[in-house]
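I opened this notebook to record a few look-ups. The entries follow in the order I made them.

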Amino acid sequence: MKPKQTVLNRPAFSLSPYRPSWWLPGGHLQTLGGKYLRRPGTFPTKRERIDTPDGDFLDLEFGPGADSEAPLILLLHGLEGFTRRPYMVQAAQAVTGQRLATVGLNFRSCSGEPNRRPRLYHSGDTADTLHVLRLLRSRWPGRALGAMGFSLGGNVLLKLLGEREDGGDGVLSAAVGVSVPYDLAAGAAYMERGLMGSFYSRYFLRSLKGKVRAKEDQLRPLIDLKKVYEARTLREFDDLATGPLHGFEDAADYYRKSSCSQFLPSIRVPTLLFHARNDPFLPPRAIPHEAVAQNPWITPAFARRGGHVGFVEGSFPGLPTFWADQEGARFLRTMLIQ
């Protein structure tokens with residue numbers, strides 16, 4: 001393995017140590033803690049709807065300071081998330097605490113209203129995120145832009161950076177990915193193992209199928225609705241719905257073309273990646289240690305514990321804190337405010 005080269009003119013950043021909560025042992029408890037222990041409180045936002053080039057719409061949520069000169073951070077949620085999920089709100093609070101501003105993107109169909117077009121969203125869809133970044137750039141020329149993506153949103157973010165000829169330098173100045181499913185095929189198989197895997201699958205499939213039901217008239221000519229409703233795993237759903245609705249042959253084709261691990265070597269934007277070895281949504285062998293080690297633009301924040309979008313710290317009883325939120329926000333400030 002070749003040693004990393006030094007990136008000139010990049011601010012130095014040192015991670016604060018991560019001290020996982022002892023009372024949340026194992027990846028599943030950290031994952032559930034990251035979901036159910038967050039108490040974000042109120043966070044004022046202003047919603048704005050924008051049109052997409054293909055006649056659909058996207059809903060954005062601008063936080064405090066969005067109209068200021070502070071660097072603006074685009075927040076991207078995970079599978080079946082939205083901008084008001086507690087992990088998104090708490091990340092926005094951490095970012096604003098670093099004197100940065102935020103805007104959250106709701107992927108198509110995720111803002112509480114069915115989107116217009118006969119499609120949804122997926123892990124490799126970078127066009128909408130790029131459209132939003134270009135809009136932000138045109139509205140505030142010269143303003144520093146960063147992004148933080150969680151899970152599926154992190155995959156979208158890293159793929160967007162790496163698939164561009166400029167490595168993302170033309171659209172962003174810094175990026176953070178949290179619990180990214182670098183290998184979608186490996187992640188889909190790994191997540192659905194055992195009793196907890198069944199719990200995760202039911203949780204996501206119930207929401208995804210609900211969106212299909214809301215658009216039945218549009219989708220009936222395109223997919224076999226009966227088979228979609230009978231899907232018992234995410235891979236089956238992707239094979240029957242996600243793939244055909246978005247131009248892929250099947251789930252395997254979708255996973256192969258959309259997994260962001262293949263795009264990591266091309267990233268040319270300061271990027272911080274959080275991932276836990278006990279993340280129940282990705283096998284440890286799929287964590288891209290070598291690709292990250294060889295790219296001097298990427299800083300790994302890989303931990304032995306932390307679950308999926310968990311990284312819970314703090315004693316019990318007490319109010320927990322979330323390491324990835326705090327350190328990710330601090331990284332963005334370091335890279336964007338010099």
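I looked up where two helices touch: Leu234, Arg235, Asp238, Asp239 and Thr242 in α9 meet Ala251, Ala252, Tyr254 and Tyr255 in α10. Contact means heavy atoms within 4.5 Å; helices are DSSP runs (H or I, at least four residues), and strands are E runs of at least two, numbered from the N terminus. By class, I found 5 nonpolar, 1 polar and 3 charged residues in this contact. Nonpolar covers Ala, Val, Leu, Ile, Met, Phe, Trp, Tyr, Cys and Pro, charged covers Asp, Glu, Lys and Arg, and the others, Gly among them, count as polar.

This is a predicted model, in which local features need pLDDT of at least 70 and side-chain atom pairs pLDDT 80 or more, while totals for chains, interfaces and linings use all residues. Residues are numbered from 1 along each chain as its sequence is written, and side-chain values use heavy atoms, with hydrogens and water left out.

Next I looked up the loop between α3 (127-139) and β5 (145-150), where glycine 142 lies. Is glycine 142 buried or exposed? I noted glycine 142 as exposed, because its relative accessibility is 75% (exposed is over 50%, buried under 20%, partly exposed in between, with a 1.4 Å probe and protein chains only).
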